[in-house]
Amino acid sequence: VTGVRGRRRPGLWAVLVTAALVVVAGIATSQASMAYWNSQESTSGVTLQAGTADLVVTGVDEREPELYPGASATLAIAEVANTGDVDLDLSLTFGTRPTALEAAATISAWRAGTSSCDGPPDAPSSAAAGQRIDLGRLEPTGTAYLCLGVVLAPDAGAELQDEPDWFFDVTVDGRQP
Amino acid sequence: VSRRVGAGLAAALAAALVIAAPAAAYAVWTASTTTAVSAHPASIADSVTLNVTPQDATGFPAGSGGVLSFLVMVTNTGTTAPWSRVDLGLEVRSPDGYALTYGVAPGDCSTPVSAGLSLPTSASASSIVALDPVAGPVGPGGSVTVCLLLAETATGDAAPGGAFGLGVTATAAVGGWSTSEARVDTDLTIPASGPPPVVCTPQSVGVQLTQAGHAGSSWQLWHENTVFASGSGAQIPALTPEDLEGYPGGTYDFELRWSGGAVGAFSLTWAPAGGILGCVA
């Protein structure tokens, strides 16, 4: 009894660690020889497809105005559609490499609810060649009418009259917000 | 402690790189479409119509300080562009040595122009001068009118029957673009085809002869092949009995010749005593 009294009892931590080791060792040694239940399920045809950002001009109503120095007129009405999967912030530019006509012109643009472009804003956004006009956001499947006006500078040169190609290259951009 | 700080900074930097890397690689989708939109230059050629209407064609030259006026109307016959300016030009073709003064009065010539008007600029023979531009805008179908005034210079000596030519041009402008020019030529002939007016006052001592000539013109009163009297100016002095001295009573034919070839005829009948019995012009 005396001898037993002098030894310390093993601690609780030691017991737990020993038990854990025994379990782990058991699992490890049983892998090779122990059968286990197995269930397998598979699916086929699951495809992840990237979305698209696509902008389509579905119609352009050209007004073909006759311009002269100082003239202002409606240039065209365009209908654009967001045929992609993401919102697009619309903007418009023209004359990125301006012709003499484009360099002498200012284009204004605004969105309208109908193709008549009635009720233009008092001061529609306008820009010279190469500058950008922001036209707001267009959601997927959404459509918008873009009304384009043009002003020819009062000091537009007389040589413009002889220019064979009287057109404006107008680009509508959509950018994911 | 410094080692711990250093390790912390390194960990923070690593975390920042982990956050920043996806942002740099994040692609923004864009879509664009370009369309050519047509326009056309306005047709402004052949859109100028010019009319020049004499307002007092019988009065030129109208004697000292006489003024002629012409209504000049320029019409925009285009359909699109308003004119911003109209330039007028004036060409005067006049006999050598003869000069006119000219000017432009606004309006439609309805305001009487008084004789002796001092016009600012002179135009010598065959000169082309630019008149003051007429300000626009003149819309399609619209027109502008000015009153063109011509007068002899003080030294003018237009011979009756002499021919003048008056050319008026109008060029409209649309900003820096010019439309085609229109021109109207008008020939002016100093009245000379008929005899100068002759006013006889029979039963009086003298005969007053007047004519509508102008200052500087010379005249001669011929009887048969003899110069009966001569002078210059618009008024011919009255004939007096003394002028008729030496002529027996009876009827005599006279010719009034003006420089330039105009001829007026009249006849006088007077009594031997010198009293004038009659005058037929």
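Residues are numbered from 1 along each chain as its sequence is written, and chains are lettered from A and ligands numbered from 1 in the order in which they are written. In this predicted model, local features need pLDDT of at least 70 and side-chain atom pairs count only at pLDDT 80 or more, whereas totals for chains, interfaces and linings use all residues; side-chain values use heavy atoms, with hydrogens and water left out.

**View 1. Fold of chain A.** Chain A contains three helices and nine strands (DSSP runs numbered from the N terminus, H or I of at least four residues for helices and E of at least two for strands). Along the sequence the order of these elements is α-α-β-β-β-β-α-β-β-β-β-β. Of its 177 residues, 31% are buried (under 20% relative accessible area; exposed means over 50% and partly exposed in between, with a 1.4 Å probe and protein chains only). Among contacts in chain A with a separation of 6 or more, 77% join residues 24 or more positions apart (contact means heavy atoms within 4.5 Å).

**View 2. Strand 3 of chain A and its partners.** Strand 1 and strand 3 of chain A run antiparallel and are joined by seven bridges (strands pair if DSSP finds at least two bridges between them). In this pairing A:Val57 has A:Val80 of strand 3 as its bridge partner. Strand 3 also pairs with strand 8 (residues 143–152) of chain A, in the antiparallel sense and over nine bridges. Here A:Ala78 stands opposite A:Leu146 of strand 8.

**View 3. Interface between chain A and chain B.** In this interface 36 residues of chain A are in contact with 26 residues of chain B. The buried area is about 2,800 Å², with 58% given by carbon and sulfur atoms (the accessible area, 1.4 Å probe, that two parts lose on being put together, summed over both). In chain A, the residues losing the most area to chain B are A:Tyr68, A:Gln161 and A:Gln176, together 21% of what that side buries. Between the chains there are 15 residue pairs in polar contact, both residues at pLDDT 80 or more (a pair of N or O atoms within 3.5 Å; within protein, one must be able to donate a hydrogen and the other to accept it, and residues adjacent in sequence count only if both atoms are side-chain atoms). Strand 9 of chain A gives the most to the side of chain A that touches chain B, with nine residues.

**View 4. Strand pairing across the two chains.** Strand 9 of chain A pairs with strand 1 (residues 30–38) of chain B in the antiparallel sense, over nine bridges. A:Gly174 stands opposite B:Ala31 of that strand of chain B.

**View 5. Salt bridge of B:Glu91 and B:Arg183.** B:Glu91 and B:Arg183 form a salt bridge, the closest N and O atoms being 2.5 Å apart (a side-chain nitrogen of Lys or Arg within 4 Å of a carboxyl oxygen of Asp or Glu). B:Glu91 belongs to strand 5 (residues 83–93) and B:Arg183 to strand 12 (residues 177–189) of chain B, so the pair ties together parts 92 residues apart in sequence. B:Glu91 is buried, at 13% relative accessible area, whereas B:Arg183 is partly exposed, at 39%. A network of salt bridges links B:Glu91, B:Arg183 and B:Asp185.
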